[in-house]
Amino acid sequence: MILFAYPLMLLLLPLPFLLRRILPPAKGLHGDALRVPFLRDLSDISIRSGKKWQVSFANDEKASNTIGWLWLIWLLLTVAAARPQWLGEPVRVKDYGRDIMMVMDISTSMREPDFVLNRRRIDRLTAVKLAADQFIERRKNDRIGLVLFGTRAYLQSPVTFDRQSVREVLRLMDAGMAGNSTSIGDALGLALKSIRESGAREDKIIILLTDGENNDGSLSMAQAINLARNEKVKVYTIGVGAANAFVQSLFGMQIAMSGGIDEAGLKQLAEETKGRYFRADDTLGLQKIYDEIDRLEPSANEDQFVRETKDLFYWPLAAALLLSFLVVFLRKKGV
């Protein structure tokens with residue numbers, strides 16, 4: 001299909017005709033034509049030879065041909081200015097809309113077995129792996145990144161379309177690999193730095209999951225919140241752990257202890273960045289949280305189409321230039 005990018009330019013087609021009708025004919029540089037004394041003698045000679053009307057007709061025919069060529073050149077230039085384009089068939093493309101950085105706590109406290117799956121007690125990290133893996137599998141049109149933290153924060157993967165490699169890192173991670181304490185501020189700062197340097201799109205979010213409070217690292221929670229707000233990155237926070245966690249005592253007894261989650265800080269972080277805070281105290285609740293985030297941040301729609309476009313304006317433009325050279329050449333030859 002051929003269309004014009006600027007179809008209104010075609011309205012210029014009658015412009016030379018209108019100017020010729022409206023404006024008075026141009027005079028020579030020296031006013032009216034000069035009187036030539038022997039012009040009458042030349043006229044008499046032409047009459048006697050019987051060639052007067054033949055010469056006049058030939059001159060009129062040349063002028064008519066020249067005007068015709070000029071009109072054709074103007075037509076070609078106007079068409080070129082309208083910018084004709086060839087449009088191909090619509091092609092379906094994927095619209096990759098979001099960059100998601102997952103920030104996960106893998107401190108030793110994530111070994112706490114206070115979650116249940118299929119009537120079996122599992123630790124927090126195992127439950128997180130299962131829920132996060134299902135979430136990544138669903139995000140087929142997004143780039144996913146991963147930061148793991150404990151005492152220190154480590155960038156395991158910048159945002160990438162290679163979801164399989166991120167899932168493999170999730171499968172291999174273990175509690176205690178990054179230390180015993182919790183550096184939430186440093187982890188969030190590293191995630192923000194990575195997502196900024198990766199050329200992230202406008203739609204970028206961070207999902208931060210932890211079972212503790214910011215008790216280590218160089219960045220305080222307040223500083224991390226300020227950084228996230230300035231970067232305009234939406235942060236969803238998840239607090240993981242049962243309301244009362246149980247630890248094994250030296251005498252084999254289970255002793256209840258508080259979860260130790262900084263819910264106030266996580267809520268403030270989510271609110272300041274226009275995200276949401278969630279609390280997961282069991283396996284089903286954790287899965288529902290990722291489902292809810294999936295609903296709040298839907299994956300990009302694949303029903304997007306583009307059409308290949310090729311400009312054709314250079315064809316009429318080239319033809320106009322060639323005709324212009326031809327007209328000048330013929331005028332000089334007197335044809």
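## Notebook: loops, a sheet and a helix pair

**K232.** I began in the loop between α7 and β9, where K232 lies. My helices (H or I, at least four residues) and strands (E, at least two) are DSSP runs, numbered from the N terminus. I noted that K232 has a phi near 60°, a positive value in a residue other than glycine. Is K232 buried or exposed? K232 is exposed, since its relative accessible area is 72%. For these words I use under 20% relative accessible area for buried, over 50% for exposed and partly exposed in between, with a 1.4 Å probe and protein chains only.

**Ground rules.** I am working on a predicted model, so I take local features only at pLDDT of at least 70 and side-chain atom pairs only at pLDDT 80 or more, while totals for chains, interfaces and linings use all residues. Residues are numbered from 1 along each chain as its sequence is written, and side-chain values use heavy atoms, with hydrogens and water left out.

**R83.** I found another positive phi, about 55°, at R83, which is not a glycine either. The residue sits in the loop between α3 (52–81) and β2 (84–93). R83 counts as partly exposed because its relative accessible area is 29%.

**Overall.** I listed ten helices and 13 strands for the protein. Of its 335 residues, 34% count as buried. I also looked at contacts (heavy atoms within 4.5 Å). Among those with a separation of 6 or more, 80% are between residues 24 or more positions apart.

**The sheet.** In what order do the six strands of the open sheet run? I read β7-β6-β3-β8-β9-β12, with mixed pairing. Two strands pair here if DSSP finds at least two bridges between them. Strands of a sheet pair through backbone hydrogen bonds, either parallel or antiparallel. The edges are β7 (153–160) and β12 (277–280), each pairing on one side only. On average, neighbouring strands of this sheet are turned by 15° against each other, direction ignored. My axes are lines fitted to C-alpha atoms, for helices over the stretch in contact, and angles run from 0 to 180 degrees between N-to-C directions.

V240 has A280 in β12 as its bridge partner.

Which helices pack on the sheet? Helix α5 (residues 163–172) touches β3 (99–105), β6 (143–149) and β7, and its direction makes about 20° with that of β6. Helix α8 (residues 263–272) touches β8 (204–210), β9 and β12, and its direction makes about 160° with that of β9.

**S157.** I picked this residue in strand β7. S157 is buried because its relative accessible area is 8%. Not counting residues up to four places away in sequence, S157 touches M101, I144, G145, L146 and V166.

**R152.** I moved to the loop between β6 and β7, the place of R152. R152 counts as exposed because its relative accessibility is 55%. Leaving aside neighbours within four places in sequence, I see R152 in contact with A178 and S183. R152 and S181 are 29 residues apart in sequence, with 8.3 Å between their C-alpha atoms.

**α6 against α7.** I turned to helix α6 (residues 184–197) and helix α7 (residues 221–231), whose axes come within 8 Å and cross at roughly 20°. The two are therefore roughly parallel to each other. My classes are under 35 degrees for roughly parallel, over 145 for roughly antiparallel, 65 to 115 for roughly perpendicular and oblique for the rest. The α6 and α7 crossing is left-handed, meaning that the near helix is turned anticlockwise from the far one by less than a right angle (clockwise would be right-handed). In the contact, α6 brings I184, G185, L188, L192 and R196, and α7 brings M221, A224, L227, A228 and E231. I sorted the residues of this contact into seven nonpolar, one polar and two charged. Here nonpolar is Ala, Val, Leu, Ile, Met, Phe, Trp, Tyr, Cys and Pro, charged is Asp, Glu, Lys and Arg, and the others, Gly among them, are polar.

**W71.** My last stop was W71 in helix α3. W71 counts as partly exposed because its relative accessibility is 35%. What does W71 touch, not counting residues up to four places away in sequence? I found L13, P16 and F17. F17 is 54 residues from W71 along the chain, and their C-alpha atoms are separated by 9.3 Å.
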